[in-house]
Structures are given as structure tokens and as C-alpha cells.
Amino acid sequence: MSFDVIIVGAGPGGLACAEITSSQGLKTLILERKTIIGKKVCAGGVTWNGLVKKVPIDLFERQFNTQYLFTRSQNVSVSAPTPIIATVNREKLGQQMSYKAQQAGAEIRFGCQVSSITGNMLTFLDKTTRKLEQQKFTYLVGADGSSSLVRRYLGLPAHDIGIGINYQLPGNYPHMQWHLDSVLFSSGYAWVFPHKETVSVGAYVDARVMKAKKLKENLFKWAEKSGYPLAGYKGEAELINFDYRGYHFKNIFLVGDAAGLASGLTGEGIYPAIVSGESVARCIVNPKFNPVELQNMIKNHSRHRRMVSILGKNKFFSTLLAELVTFCLKKKVIRFNAAEMAP
Ligand SMILES: Cc1cc2nc3c(=O)[nH]c(=O)nc-3n(C[C@H](O)[C@H](O)[C@H](O)COP(=O)(O)OP(=O)(O)OC[C@H]3O[C@@H](n4cnc5c(N)ncnc54)[C@H](O)[C@@H]3O)c2cc1C
């Protein structure tokens, strides 16, 4: 059997893509190696401007009009009349997006790990039957995250990469917080993102300037000082690829983290995954489609990437910028959502 479109990975990028290609009549298959939809190491923060139109509001667990920022010398709160950031449960988001993709006609096969690509043929292992299978495609979409096999098949390296560690603790926490401590996290930060009955506590850093082990050590130092009991809980770490080198390669496309479209500065990747998934689907359906939303987002992505490269070279710059940005936010010279990936 052959498919018009095969998508590797049922994250937000792959699912957004599948909903559109299948609703436009293209025979679409998603292959996902996990058996639980939506499960992903993530703080679940969704920026209001970018995602409010794309994620149903009833999926939001908490919404925050006020953000609390801490640097080495300032404690600042920034408020807006509408929420600045909300939190979502990634499994619920995945369930909702896969339901919509299936309703539109996409076939999703879980527990199927793609192992190789040859010409217009994919080979994958169905972990339930333990059988290797092959499928032909006309278009292939790599939506398979930061360690993408499709990206490797295309011969694209991923040098610019971040790392995030997340702990999901039980409890009801009131405030959304950002800790821009450049001594511990360089140009990255530690976060406190409250969900309904849990809180995501973690840290993000440019992996070129700090290894995962050191990041974990520094996160523990910060958490102990700030009163978050991480010991005894299981943290999870994953890479965040921001090494964008294009999304369209003949009949193969890359979206989301596979394309390196997450922000190198903040680690925001849900919005870039959905926007690139939707845009790629429209390009497949209509090769003359002009993906303006994606192109505008790529401009923000490039700005973020340039900033991270400059900041990573020098701790002094990171400290100075963190203090300056926080001061400007306090004085309302810049708005909090200036750091969003949405234009
Ligand atoms: C600690 C941490 C915190 C984060 N917090 C936030 C946040 O608060 N807000 C935000 O916007 N972003 C956040 N991100 C980033 C965000 O999670 C990602 O950018 C986003 O999930 C990317 O979506 P995607 O669809 O491109 O890829 P993914 O969500 O990674 O989905 C890729 C899918 O492909 C599947 N797959 C991979 N290889 C194969 C294969 N060979 N065969 C079959 N299936 C395969 C995987 O199982 C996975 O389901 C965070 C990331 C980390 C690590």
C-alpha cells in the first residue's frame, strides 16, 4: 500500500500537519513510536498570543496574567489585562490533536518506530507484532523531534541545541516564575510553571555552554535555595533543537523540533511545531502556497538564535542582558510577549 503523505512522529507538529493534509483529501499516515499519545518532557507553557487561536481554551489548565521574574539583583512582576502564558497537559493536547487528525481521515499507528528510509520507502518496526514493515510515500514529513531520523537521513547536522530538565511535582502553586540566574544557567533560566494539581519546575540552557550533568547540579542548587523539593522526584531531560537549516527538501519536509524551529532563547517549541506543521501541510496540498506565518516565525527564530550565540560566549553579557531586559519589563519599555515565537 502507498500513502500520499507519511508523517514520522505524532507530536504537535505531526498532528497539526496530518489534520490538514487528510482534510484536503490526501491519504495520510502517521507513525509514532510511543504507545501513549502526547507524552513528552515539557513544562507545558503556551504563549497566549501565538497559541490562543490554535489550542482550545478548555485545554488550558491555568492561565497567568502576571509573570514573576527574578534576576541576581531584581525581583519584578509584570501584569497584562489578558493572560500572558497558560499551561497545558501535553497528553491531553496530544489526545485532542490526534482525535482531530483522525476525524479528518488520518491513520495513526502507535508503537511503530521508523528505522530507515530508502528512496520513497520507509521501514518501521511495529512493536506490538514485532514485525518490520515497509510503506511507500509520495511526500514524507519528519515531525520526529530533536533527534530526528528524517533530518539525519537528509544529512543535516544539529549543532545548535539546548537541553531542558523538567520535574513535575505535586501541589497547587500560585505563581508562574522565571529565574534568570546567569551564574547558574548562563543565557537560560529556571522556571516554575503551575498546572492544575502539579507544578513543572525545571531549567533550560544552551547545551553548547553547559552539559546536562552540570545543569542538573545547578538546578538542584537553585531549587534548594528557592524551596522546591526536587530530591525524591524523577526528573526528565531532553534536547531542544534550534539548528534551523530549512524545512523543504524536494518531497521531504521537516517540522517543529526536527526542523530546529524551537526557540534557542526560551525553549518555546509547541507554537513553532504547530505553525510549521500547518504550513508544511498547506505547501504539500498546494505547492504555490506562500507560508507567511511560518516565514514570520522564522524571522523571530533567527533573532533568538543570534542572541543565544552572543550570550553564550560571555557570562557578563548574559548577566547584563538579563538585568536590562527585566528592568525594561518593569518600566514597561518592552512587553513580556516580545520574547514569544509568535510574530
Ligand atoms: C524540559 C522541556 C520543557 C519544555 N517546555 C516547553 C514549554 O513550556 N513550552 C513550549 O512551547 N515548548 C516547550 N518545550 C519544547 C517542546 O516540548 C517541543 O519543542 C515540542 O514538543 C516540539 O514538537 P514536535 O511535534 O516538533 O516534536 P515532539 O513533541 O518531540 O514529537 C516528536 C514525536 O516523534 C516521535 N518519534 C521520534 N522518532 C521517531 C521514530 N523514529 N519513529 C516514530 N516516531 C518517532 C516521538 O516519540 C514524538 O512523539 C520543552 C522541552 C523540554 C525538553
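The structure is a predicted model. The protein chain holds 10 helices and 18 strands, and 50% of its 343 residues count as buried.

**Overall build**

- The C-alpha trace of the protein chain spans about 60 × 45 × 35 Å along its principal axes.
- The radius of gyration of the protein chain is 20 Å, which agrees with the value near 20 Å that a compact globule of 343 residues would have.
- Among contacts in the protein chain with a separation of 6 or more, 70% join residues 24 or more positions apart.

**Surroundings of the ligand**

- There are 39 residues around the ligand, and those that come nearest are Gly-9, Gly-11, Gly-164, Gly-256 and Gly-269.
- Two or more residues of this shell come from each of the helices H1, H7 (256–259) and H8 (270–285), and likewise from each of the strands E2 (28–32), E9 (112–118), E12 (161–170) and E16 (236–241).
- By residue class, the shell around the ligand comprises 17 nonpolar, 14 polar and eight charged residues.

**Helix H3**

- Helix H3 is formed by residues 90–103, 14 residues in number. From its first C-alpha to its last, H3 reaches 20 Å, close to the 20 Å expected at 1.5 Å a residue.
- The buried residues in H3 are Leu-93, Gly-94, Met-97, Ser-98 and Ala-101. These residues lie on the same side of H3 because they cover an arc of only 125° around the axis.
- An α-helix has 3.6 residues a turn, so residues three or four places apart point the same way.
- The packing partners of the buried residues of H3 are helix H1 (12–23), strand E7 (85–88) and strand E8 (107–110).

**Lysines with positive phi**

- Lys-250 is located in the loop between strand E17 (248–249) and strand E18 (252–254). Its phi is near 55°, a positive value in a residue other than glycine.
- Lys-250 is exposed, as 8 other C-beta atoms lie within 10 Å.
- Lys-332 belongs to the segment after helix H10 (315–330). Although Lys-332 is not a glycine, its phi is positive, at about 60°.
- Lys-332 counts as exposed, because it has 9 C-beta neighbours inside 10 Å.

**Thr-138 in strand E11**

- Thr-138 is part of strand E11, which covers residues 131–142.
- This threonine is partly exposed, with 14 other C-beta atoms within 10 Å.
- Once neighbours within four places in sequence are left aside, Thr-138 is in contact with Asp-4 and Asn-251.
- Thr-138 and Val-192 are 54 residues apart along the chain, and their C-alpha atoms are separated by 44 Å.

**Trp-222 in helix H6**

- Trp-222 is found in helix H6, which covers residues 212–226.
- Trp-222 counts as buried, because it has 21 C-beta neighbours inside 10 Å and the cut-off for a buried residue is 20 or more.
- Residues up to four places away in sequence not being counted, Trp-222 touches His-179, Asp-181, Leu-184 and Ala-190.
- A distance of 9.9 Å separates the C-alpha atoms of Trp-222 and Ala-203, which are 19 residues apart along the chain.

Methods. Residues numbered from 1 in each chain as written. Predicted model: local features only at pLDDT ≥ 70, side-chain atom pairs only at ≥ 80, totals over all residues. Helix = DSSP H or I, 4+ residues; strand = E, 2+ residues; numbered from the N terminus. Expected span 1.5 Å × (residues − 1). Buried ≥ 20, exposed ≤ 12 C-beta atoms within 10 Å, placed from the backbone. Arc of directions from axis to C-beta. Contact = placed C-beta atoms within 7 Å. Near = placed C-beta within 6 Å. Nonpolar A, V, L, I, M, F, W, Y, C, P; charged D, E, K, R; others polar. Rg over C-alpha atoms; globule rule 2.2 N^0.38 Å.
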